[in-house]
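User: Can you walk me through this one? I'd like to start with the terms.

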Amino acid sequence: MSITSASRRAGAAAFPILRRIGGAFRRPFSSEPDSASSPGYHVAGGPSFMRGAVFWEPGRPLTLEDFRMPRPKAGELLIKTKACGVCHSDLHVLKGELPFSSPCVVGHEITGEVVDHGTHTPAEIINRFPVGSHVVGAFIMPCGNCFYCVKGQEDLCESFFAYNRAKGTLYDGQTRLFLRSNGKPVYMYSMGGLAEYCVVPANALAVLPNSLPYTESAILGCAVFTAYGALRHAAEMRAGDSVAVIGVGGVGSSCLQIAKAFGASEVIAVDVLDEKLQNARTLGATHTVNAAKEDAVEKIKEITDGRGVDVAVEALGKALTFSQCAKSVRDGGKAVMIGLAATNVMGEVDITRLVRRQVKIIGSYGARARQDLPQIVKLAESGAFNLKNTISRKCKFEEANSAYEDLDRGKIVGRAVVEIMS
């Protein structure tokens, strides 16, 4: 889709094509006293500003804006963003289905290159992630110090939810993003990855080996990260378990591959699009079910000798698929819900069966960055994931809106990735 053709129909599009907002340079100022907003910061003689895609409000297009170079603080790294995945979680924000501070920069599964460390960053972090390192970032960025992080449950990090998800900031209560023209703050969804540079807490990063490409590896920080958390921690999946995945887009297709890597005996892919189901076969599905053509629950039971699967994963966030997931597991089985829904969407469950037959319904948001992300990278390096087949579209920075439009319309079979900088 060209910029010209998209701009002609911008009024009718849900997410019109990204456009650059120009204008004369004005002397930057800021009401924010913190050094993060200082206009003079730049890296090793490099640029003092960058571009980022700003979400203003539902129904209004993302715009490419100039930002002051984001400045990392202690324990944080400045990353030159190479690639950023296009995820349904972002789409929920863009459509106003999940409340989030605005204006903001979305994008939360990234790869990139380390270009700077925040002042007073511990030497251990600098040694682990020296300048020039290739890294992948997890969308859950654990603080490492709260009640849940200390217990090893970084996927429930209090600071992440209290600051980033509730306020759009990092854990000092401030964003790292400020417009170049007037110094006004712009909030961050995770690290705000749809930008040429982003600031990421070191706890959310893992080294990306040179053998893994930037673009395809971006999905490791959300799609694969979410799948790993669901099957490793929530489901506590064992080799030999039967697994059904309901909704096999970007995250669901990663669940198929994790299940296969963990030794599932049967991997059943459920969707309403034959194209996605065909792709699921290449990613490890042993059976496919088109829920638009047959009863998904009955078909899953037929495949599993009438019992249902050991583990079912719901990856769409819809009331119907929530119910299908709960009904698809065997007695004593686990139904794991990972799909985000619009605010106030409710799912129904048969309480008597839940009680009598010991069905377990478990929510899972992601994995645990410090312990899990390095393991996910190792799995990818071993070839356990078919990253190439999971990525169904690569697009330029200026085409991000087009990608979100197509994601909303169900036109992206696997995962789209925005390639930001060479």
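User: Where do the numbers come from?

Analyst: This is a predicted model, where local features need pLDDT of at least 70, side-chain atom pairs count only at pLDDT 80 or more, and totals for chains, interfaces and linings use all residues. Residues are numbered from 1 along each chain as its sequence is written, and side-chain values use heavy atoms, leaving out hydrogens and water.

User: What does the side chain of E216 meet in a salt bridge?

Analyst: K394, at 2.7 Å, N to O. A salt bridge is a side-chain nitrogen of Lys or Arg within 4 Å of a carboxyl oxygen of Asp or Glu. E216 is in helix α6 (residues 214-217) and K394 is in strand β18, 178 residues apart. Helices (H or I, at least four residues) and strands (E, at least two) are DSSP runs, numbered from the N terminus. K394 is partly exposed, with a relative accessible area of 45%.

User: How many salt bridges are in the whole structure?

Analyst: The search finds 19. One of them joins R51 and E398 at 3.1 Å, N to O. R51 lies in strand β2 and E398 in the loop between β18 and α15, so this pair ties together parts that are 347 residues apart in sequence. R51 is buried at 18%, while E398 is partly exposed at 26%.

User: Which residues are linked in a network of salt bridges?

Analyst: K73, E76, D172 and R176. Within it, R176 and E76 meet at 2.9 Å, N to O. Both R176 and E76 are buried.

User: New topic. What domains does the chain have?

Analyst: Domain 1 covers 49-223 + 368-419, and domain 2 covers 235-363. These bounds come from an automatic or database domain assignment. The C-alpha centres of the two domains lie 28 Å apart.

User: How many residues are in contact there?

Analyst: 17 residues of domain 1 are in contact with 20 of domain 2. Contact means heavy atoms within 4.5 Å.

User: How much area do they bury between them?

Analyst: About 1,500 Å², with 59% of it on carbon and sulfur atoms. Buried area is the accessible area (1.4 Å probe) that two parts lose on being put together, summed over both. A223, N389 and V413 supply 33% of the area that domain 1 buries against domain 2.

How values were computed. Buried means under 20% relative accessible area, exposed over 50%, partly exposed in between (1.4 Å probe, protein chains only).
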